[in-house]
Amino acid sequence: MSENEISDLIVKAYSNQKDGQLSLAIQSWNELLNHPSVTQELSANAQLNLGNLHLQQGNNDLAYESMAKAIKANPNSSEAFFCLAYMEQEKENFNEAISFFESALKIKPEDVGALNNLGNCYDRLNKSFDSIEIYSKAIALDSEYIAAYYNRGNAYSKIAKDELALKDLTLAIDLDNNFYQAYYNRGSVYKRLGKSKLSEKDFAKAKKLAQEEIEQSKKQ
């Protein structure tokens, strides 16, 4: 009977989530957690789902608490570590975010998105050499990962490695020729190098693409 009750609660919780009934889904997951026969594995999954639901409702403190409990129930929950990392990153608690990202990447080392965000955290702490190393790991895993080329290019620019910055920003543009931020930042590097014609060309392209994006967003 207990197994059927647990199965019913899981189905009920997921059904409510799918239908957008977040409060009802939260109630179902909490009922599951309070069930006397709930296993540690099910508890971890319930806490993970609760964390995501609380985030959707904008209850960040409850989300954080649920994700921490998910990790306690399952120390190999990379998703919970990633979520805590992103939350800390959003609050600009970069050292805490780095710790969570690194814990998550020990479990799931080939997550290029997490690597890119880890690099961003180091970059915000002005640790350019560390960020470059992390972006390079992401690029080694995915040779067409635009964000990592763009971010590494900006990191190279910060330490005046201008030729390397130009190379990465150009690669980002080659992968997405509508990437106006990359044109703008490449233009800034050209300007610093005294290449005014190339700089003006990139600035003009960046402005044109940005205006097009604004106009497109107005139509939606």
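Predicted model: local features only at pLDDT ≥ 70, side-chain atom pairs only at ≥ 80, totals over all residues.

**A look at the aromatic pairs**

Guide: From the N terminus on, the elements run α-α-α-α-α-α-α-α-α-α-α-α, which makes 12 helices and 0 strands. The chain has a radius of gyration of 22 Å, whereas a compact globule of 220 residues would come in near 17 Å. Along the principal axes, the C-alpha atoms fill a box of roughly 75 × 40 × 25 Å. As for burial, 44% of the 220 residues count as buried. Among contacts with a separation of 6 or more, 44% are between residues 24 or more positions apart.

Now to the rings. The structure holds 6 aromatic pairs. One of them is tyrosine 64 with phenylalanine 100, an edge-to-face pair with 6.5 Å from centre to centre and 75° between the planes. Tyrosine 64 belongs to helix α4 (residues 60–73) and phenylalanine 100 to helix α6 (residues 94–107), so this pair ties together parts that are 36 residues apart in sequence.

How exposed are the two partners? Tyrosine 64 has a relative accessible area of 25%, so it is partly exposed. Phenylalanine 100 has 17% relative accessibility and counts as buried, because the cut-off for buried is under 20%.

Another pair joins tyrosine 86 and phenylalanine 101, and this one is edge-to-face too: the centres are 5.1 Å apart and the planes make an angle of 80°. Here, too, the pair links distant parts of the chain, with tyrosine 86 in helix α5 (residues 78–90) and phenylalanine 101 in helix α6, 15 residues apart. Tyrosine 86 counts as partly exposed at 33% relative accessibility. Phenylalanine 101, on the other hand, is buried, with a relative accessible area of 0%.

The chain exposes about 12600 Å², and carbon and sulfur atoms supply 48% of that. It carries 25 positive and 31 negative side chains, with the centres of the two sets 10 Å apart.

Notes: Residues numbered from 1 in each chain as written. Heavy atoms only, no water. Helix = DSSP H or I, 4+ residues; strand = E, 2+ residues; numbered from the N terminus. Rg over C-alpha atoms; globule rule 2.2 N^0.38 Å. Buried < 20%, exposed > 50% of the residue type's maximum accessible area, 1.4 Å probe, protein only. Contact = heavy atoms within 4.5 Å. Areas by Shrake-Rupley, 256 points an atom, 1.4 Å probe, with all protein chains shown as cover. Lys, Arg positive; Asp, Glu negative; His and termini not counted. Charge placed at Lys NZ, Arg CZ, Asp CG, Glu CD. Phe/Tyr/Trp six-rings, centres within 6.5 Å; stacked < 30°, edge-to-face > 60°.
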